[in-house]
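Let's take a walk through a protein model together. Keep the 3D view open and turn it as you read.

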Amino acid sequence: MTDRWKAAAAGVLAAASGVAVAELFAAATRPGAAPLIAVGGAVIDATPTPVKEFAVRELGTNDKPALLAGIGLALAVFAAAVGIAALWRRFLLPAGVAVLAAAGAAAALSRPTATAFDAVPALLAAVSAGALLHWLLRRLSPAGGQPRLKAAEESRSPQDTRPRLKPAADRRAFLRAAALVAGGAIVAEAGAQFVTRSRGGAAGKSRAAIKLPAATDPAKPLPGGAGPGFTTPAGAFYRVDTALTVPRIDPSAWRLRIHGMVGHEVKLSFDDLLKRPLIERDITLNCVSNEVGGPYIGTARWLGVPLGPLLRELGVEPRADQIVARSTEGMTIGTPVTTALDGRDTMLVVGMNGAPLPLEHGFPVRMLTPGLYGYAGACKWLDEIELTRFDRFDAYWVKRGWARAGPVRTASRVDRPKPFARLNPGDTTVAGVAWAQRRGIRAVEVSVDDGPWQRAELLPVPSTDTWVQWRYTWRATKGPHSIKVRATDGTGAVQTGARATPFPSGATGWHTITVTVG
């Protein structure tokens, strides 16, 4: 291995060690200030909406690991370049450290909930990486002289009888030093993971210890005839958010602040919420990023505190028209005040499918607004509600071009058969779901090979706030076929077939699949 490659490896090892030390420090103090998480959050905020939509569409829930891997790769390339440059010009080492420190600190301080302390892990990472790289380069080339020594030796003439210059460091010394740095990085990262798991385990134990009270107003039993799969298990429920790590919140320390354009401000503990009357409802929730026929939708049985009565107790000012919900990691969701006061079951959710909220779905408390996409009414990890006006504040997604109002569009999906399936001739069940929360579904129709629309059978549902399962018996004949579906909502409006992307207010179009009958 040449000195240049050794210097590049030294840079990567030093950077990895510095980051690992900072991750350990952040895990024990402020987990959200960990350098990779902070930089990742800043990258997410700065990424153009079309790029975000591409990542969600193509990578799904793998978008966050892919982002962190990309940041790690960029850091490795930068560190390798600094290592090579500093081998020849040692003064470039502090310059590289300064760039790394500035970028990390700026990213940490850009987070919505940042404090001055959040810059410390990034500075620690940069200083540690710089010191370790300097130490490694000293083993490779003291004071940057090794390359010059090698060049001088190569330029000597055969007649030069002076004693040969001896290198100040050898390969074994460098490899020992590199192994020591690598080992330190592994230990530090293992420590960070241990602390993180301990925090997560504590949050999980706190969650497991919670005994949710029975709902004062329980959900109705699912009607007879509802098909299997009507309720989505918590483990299969979609997750789309900007949190690179799942917040671990101690419910005993959690507080919800409600303030702004209200008669009086209040802070509520988790126990305070559980002492209030609870409602239980089956509600379908979907993401505005869902493509036509996409997977980002699910139905669960939610338990929570109705928001409307709580706001009425506090006295909402007549001019207030926006509820701004804030999460512990700084997300803001803007919801019309009317959706909490018009009689729908907008709630502060504490339970999902008979258990406390899972950590990844907003534990201990999230907001849920029937009839709105998640970006406009379903803030997770909730810790603040502000009553304000739309002309005074734009929430996170509105600032990025998404529609201010987020009513769910009428949509439908073919779930069976799967696209490109090979089927046998004869009677075949075509089935799926349709949804138009708050309006309900009046009819679902299926068209085969662009033929006439045929009515599908609708299975019973508990309310207009859930999806509707449907099925249609098709007499399949040999050959390739296309199958498409459309729905009519409870007002009589037919789902549009015009294709539109999710941005800025939800995808439209008829879900169409292709199958082959053999």
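What follows starts with the whole chain and then moves to some of its strands, loops and cysteines.

## The whole chain

First things first: this is a predicted model. The protein chain has 518 residues, and buried residues make up 50% of them. Its secondary structure comes to 13 helices and 19 strands. If you draw a box around the C-alpha atoms along the principal axes, that box is roughly 100 × 70 × 40 Å.

How much surface does the protein chain show? The accessible surface comes to about 23,700 Å², and 60% of that belongs to carbon and sulfur atoms. On the charge side, there are 61 positive and 41 negative side chains. The centres of these two sets lie 7 Å apart.

Now think about which parts of the sequence touch each other. Take the contacts between residues at least 6 apart in sequence: 75% of these join residues at least 24 apart.

## A buried strand and its partners

Find strand β7, residues 347-352. Is β7 buried or exposed? Six of its six residues are buried, so the strand is largely enclosed by the rest of the structure. Here, buried means under 20% relative accessible area.

Who pairs with β7? Leucine 348 has methionine 367 of β9 as its bridge partner.

Then there's strand β8, residues 355-356, which runs antiparallel to β7 and is joined to it by two bridges. Across that pair, methionine 352 stands opposite alanine 355 in β8. β7 and β8 form a hairpin with two residues between them.

## An open sheet of five strands

Next, look for an open sheet of five strands. Reading across, the order is β12-β19-β18-β14-β15, and the pairing is mixed. Which strands stand at the edges? They are β12 and β15 (454-455), each with a single partner strand, so one side of each is left without a neighbour in the sheet.

Zoom in on the β12 end. β12 and β19 run parallel and are joined by two bridges. Leucine 423 has valine 517 in β19 as its bridge partner.

The loop between β11 (411-416) and β12 (422-423) contains proline 417. The peptide bond leading from arginine 416 to proline 417 is cis, with omega near 0°. Phenylalanine 420 lies in the loop between β11 and β12 too. Its phi is positive, about 65°, although phenylalanine 420 is not a glycine. Phenylalanine 420 is exposed, with a relative accessible area of 69%.

Where is proline 504? Its place is in the loop between β18 (479-489) and β19 (512-517). The bond from phenylalanine 503 to proline 504 is another cis peptide bond, with omega near 10°.

One more loop to visit: the one between β13 (426-435) and β14 (441-448), where arginine 438 sits. Arginine 438 has a positive phi of about 80°, although it is not a glycine. This arginine 438 is partly exposed, with a relative accessible area of 35%.

## The cysteines

How many disulfides does the structure hold? The count is zero. Cysteine 287 is in no disulfide, and the nearest cysteine sulfur, that of cysteine 379, is 14 Å away. A disulfide needs two cysteine sulfur atoms within 2.5 Å. Cysteine 379 is in no disulfide either, and the nearest sulfur to it is that of cysteine 287.

Are these cysteines buried or exposed? Cysteine 287 is buried, with a relative accessible area of 10%. Cysteine 379 counts as buried at 2% relative accessibility.

Conventions
Residues are numbered from 1 along each chain as its sequence is written. Side-chain values use heavy atoms; hydrogens and water are left out. Helices (H or I, at least four residues) and strands (E, at least two) are DSSP runs, numbered from the N terminus. Buried means under 20% relative accessible area, exposed over 50%, partly exposed in between (1.4 Å probe, protein chains only). Two strands pair if DSSP finds at least two bridges between them. Contact means heavy atoms within 4.5 Å. Accessible areas come from the Shrake-Rupley method with a 1.4 Å probe; for residues, only the protein chains shown count as cover. Lys and Arg count as positive and Asp and Glu as negative; His and the chain ends are not counted. The place of a charge is taken as NZ of Lys, CZ of Arg, CG of Asp or CD of Glu.
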